[in-house]
Amino acid sequence: MKVTAIIPDNLISEVKQLSKGKNLTDSLLIALREWVHLKNINQLNLHIKKHPLQFQSNYSAGKTREMNRIR
């Protein structure tokens, strides 16, 4: 997709420097992908905060380690 956007020069310079992309397009793609990944992680953290992980009542770390060693 081709996009025209007005972005401050100092922000573009910082993105290029931090992303270490080959060119401006590559730098912007790297920055946008990282931003999306961070947002997804934040959403997952909020979900886990509302619905914490719970172990089954018969869970045993020792049994799990033993099972993994057998394989």
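A: Helix H1 covers residues 9–19, and its buried residues are Ile12, Val15 and Ser19. Here buried means under 20% relative accessible area, exposed means over 50%, and partly exposed lies in between, with a 1.4 Å probe and protein chains only. Helices (H or I, at least four residues) and strands (E, at least two) are DSSP runs, numbered from the N terminus. Looking down the axis of H1, you will find its buried residues within an arc of 65°, so they line one face of the helix. That arc is taken from the directions that run from the helix axis to the C-beta atoms. As background, an α-helix has 3.6 residues a turn, so residues three or four places apart point the same way.

Now turn to the other side. The face of H1 turned away from its buried side carries Asp9, Asn10, Gln17 and Leu18, which are exposed. As for cover, H2 is included in what lies over the buried residues of H1, where contact means heavy atoms within 4.5 Å.

A word on the model: it is predicted, local features need pLDDT of at least 70, side-chain atom pairs count only at pLDDT 80 or more, and totals for chains, interfaces and linings use all residues. Residues are numbered from 1 along each chain as its sequence is written, and side-chain values use heavy atoms, with hydrogens and water left out.

Just after H1 comes Lys20, with a positive phi of about 55°. Lys20 is a residue other than glycine with such a positive value. It sits in the loop between H1 and H2, and Lys20 counts as exposed because its relative accessibility is 69%.

Let us step back to the whole chain. The protein chain has three helices and zero strands, in the order α-α-α along the sequence. Its radius of gyration is 22 Å, well over the 11 Å that the globule rule gives for 71 residues, so the chain is more spread out than a compact globule. That radius is taken over C-alpha atoms, and the globule rule is 2.2 Å times the number of residues to the power 0.38. The C-alpha trace spans about 60 × 30 × 25 Å along its principal axes. Of the 71 residues, 6% count as buried.
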